[in-house]
Every structure is written in C-alpha cells, then in structure tokens.
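This briefing describes one predicted protein model for a reader who is new to structural description. Please keep the sequence and the structure in view while reading.

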Amino acid sequence: MKVHILDDWFDTLRGLPCFRLLEGHDVTVWTDHEPDEEALAARLSEAECVVLFRERTTVSRGLLERLPKLELISQRGVWPHVDVEACTDRGVLLCSNTGADGANFAAAELTFALILAAMRQLPQQMASAKAGNWQMGVGRTLRGRTLGLYGYGRIGRVVANYARAFGMEVQWWASEAGRVKAAADGWQVADSRAAFFAQSDVVSLHLRLTPATRGIVSAGDLAQMSARSVLVNTSRAGLIAPGALLDGLNKGYPGMAAIDVFDTEPLLDPADPLLSHRNLIATPHIGFVTEDEFDKQFADIFEQVNAYAAGAPVHMINPSVYGR
C-alpha cells in the first residue's frame, strides 16, 4: 500500500523498531505540519493509507472528498479529530486501537514532573539562577498534601502510585462507575464533586476527550479551588470549559496551572493570553513524546495497516465500509 505518515516532526519513527512493520509498503513520512486543507490534499493525493500522529491533523469531510484513492486511516486512541461519518460516506475505513494494554507511563511521568515543577517553582527558579538572581521564592513540599485525580483510568492510577511514594494523600473523582471502582480498589473517593476541588492541593485531569467529557470541568469547579492550589492537565484541553482556565487564573483560582495541552495545537504565539500567563507552567504536548511510547503506539498502528492489507482488518471504528 501507499502509506503516508503525517506530522512526525522530528523524523523519529524511521529509527524505531516498529518501523520494520511497514516493510513491503510504499511509505512517505511527512515531518512538518500542513494546516492548509488544499495543500494537505495535494500531498496525500496518491495515499491509500494515512497514518495519523494522534490528533495533530484534523481529518474533515472536505479533506476526504479530495482523496479519492484513500482506503484506510490508521491511528491509536480516540478520534475527535476525525469525521467518522464522512469516512463512512466516502468508503474510508478508520482503524484505531482504543483498548491497548498497559498504561502510558510517559504521560504519567510528565504529569508528576509538572506537579513537582509547579510546587517547587522549578521553571521560575531555573530562570532566576540563569539570570544571576539566585533564588526567587519558596516552594512547597509534596509530602502530606492532597492530590486529587479526576478520572479513574490507567494513567491516573500510575500517577496515584507515584504520589503515594512521595507521601501524598490521594483522592479521586470520576464517573459514578469510576468512583465505585476506585472505592472497591481501596482508594479514597471525595465526598462530593465540590469537596474534591476544594480539598485538593493539586488536581490532575485524566479523562478521555469524548462528547460526554468535553467541558466537564467548569468555571464553577475551578472557583472551588484554593488560591494556593495547582491544576494539572496532561490529557486534553477540551476537558475544561472554553475560557474557564484563563479566567480562573486571572481570578486566582486555581493559583497555578501546569498543562501540556491547548485548544489550538501547535500553539506558536508567545503572546497568547493563556500561554504567557505568569501563573502557568506549560509544555508543548509532550506527554506521549518519548521514543519508548512512540514505538509501542506505532507498533499498534502499523499492525493495523498490515491487518488491512492482509484482508483481515482489526480495531474497525466504522466496519460497515469494509467489503463494500
């Protein structure tokens, strides 16, 4: 198959063991991001399969209509960036492994790194030292403080174990089913949603972005947080109601945010009001950006390509199109 891989910004995949899975295919790797739909369609005009790098590129109906040779889109995880109805109308199969085994340890590690960075003022202290000013303030110890984890999933549970190792108290909030499971597993569940936000020194979000979870963290939730609290988001920006985080930071609730995800990505404007906020620590969506995690995720994605080429597709999201 003619396979095109989008948005491999640092040309990483060709150097990983998983890339051998594509031997026998005609593979093109694009190492930049093309936001213009018409230009992107020209790039992909010969593609029979498009491999997506998470949600870096949106697949719209307009793009699909410009790709008459496209048969397969292969990716991993959820697909809010893909117009599945348009895929079905155009006879394009979407394959995505959403139940892959094991937690994303890279994302869990970054989450805890951001917690440490916020509580110990690491970016500010580093900048102060490099500027010749030595210390700039006094941070806070994690031991004895409460970490609130929203969403009872695999990544959250790994973060919870890291927190325990640092002597933190851990409490959870989640869907009703998630809260029941957390309690059954021996974890502390907050008495109420309001208590969860009010009583956590750090709140970290670990939910998938779906229509049901979009905007699930409201301005009212953030208003419950302490002026000394920290909100961490390494999941998806869309989990927070539009504008609520910037408004909350301006009001001082929460006191600080440490995030890896933005509504617009890549975000290249250093003057963006959220990105430039003095009480925001930010990383450029690197939660999953490690060689180890790429190799694991793209092995799944490339195996989906091979399964389709062999006539036995797996992880089909719109199976009605197969065999038309």
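Y150 and F196 are both buried, where buried means under 20% relative accessible area, exposed over 50% and partly exposed in between, with a 1.4 Å probe and protein chains only. The model is predicted: local features need pLDDT of at least 70 and side-chain atom pairs count only at pLDDT 80 or more, whereas totals for chains, interfaces and linings use all residues. Residues are numbered from 1 along each chain as its sequence is written, and side-chain values use heavy atoms, with hydrogens and water left out.

**Aromatic rings**

- The whole structure contains 15 aromatic pairs; rings of Phe, Tyr and Trp (its six-membered ring) pair if their centres lie within 6.5 Å, and planes under 30 degrees apart count as stacked, over 60 as edge-to-face and the rest as tilted.
- The ring centres of Y150 and F196 are 6.0 Å apart and the planes stand at 75°, so this pair is edge-to-face.
- This pair connects distant parts of the chain, since Y150 belongs to strand 6 (residues 146–150) and F196 to helix 8 (residues 193–199), 46 residues apart; helices (H or I, at least four residues) and strands (E, at least two) are DSSP runs, numbered from the N terminus.
- F288 and F294 make a tilted aromatic pair, with 5.6 Å from centre to centre and 50° between the planes.
- Both F288 and F294 are buried.
- One aromatic cluster is formed by F19, F53, F288, F294, F298 and F302.

**Charges over rings**

- R54 lies over the face of F288, 4.6 Å from the ring centre; a charge sits over a ring if NZ of Lys or CZ of Arg is within 6 Å of the ring centre and within 35 degrees of the ring normal.
- R179 has its charged end over the ring of W173, at 4.1 Å from the centre.

- Seven strands form an open sheet in the order 8-7-6-9-10-11-12, and their pairing is parallel; two strands pair if DSSP finds at least two bridges between them.
- The edges are taken by strand 8 (188–189) and strand 12 (280–282), each of which has a single partner strand, so one side of each is left without a neighbour in the sheet.
- Strand 6 and strand 9 (residues 202–205) run parallel and are joined by four bridges.
- Opposite L147 stands V202 in strand 9.
- Helix 10 (residues 244–251) lies across strand 10 (230–233), strand 11 (256–259) and strand 12, and runs at about 145° to strand 11. Axes are lines fitted to C-alpha atoms, for helices over the stretch in contact, and angles run from 0 to 180 degrees between N-to-C directions; contact means heavy atoms within 4.5 Å.

- A second topic is the open sheet of five strands, which has the order 2-1-3-4-5 and parallel pairing.
- Strand 2 (26–29) and strand 5 (93–97) are its edge strands, and each pairs on one side only.
- From one strand to the next, the twist averages 20°.
- Four bridges pair strand 1 (residues 2–5) with strand 2 in the parallel sense.
- H4 stands opposite T28 in strand 2.
- Helix 11 (residues 291–309) lies across strand 1, strand 3 (49–51), strand 4 (72–76) and strand 5, at about 155° to strand 4.

- D221 is part of helix 9 (residues 219–223) and counts as buried because its relative accessibility is 8%.
- Apart from neighbours within four places in sequence, D221 is in contact with R193, F197 and I216.
- T213 is found in the loop between strand 9 and helix 9, and T213 is buried with a relative accessible area of 12%.
- Not counting residues up to four places away in sequence, T213 touches R208, G238 and L239.
- From T213 to D263 there are 50 residues in sequence and 15 Å in space, C-alpha to C-alpha.

**The whole chain**

- The protein chain has eleven helices and twelve strands.
- Of its 324 residues, 49% are buried.
- Among contacts between residues at least 6 apart in sequence, 63% join residues at least 24 apart.
- The C-alpha atoms fill a box of roughly 60 × 50 × 35 Å along the principal axes.
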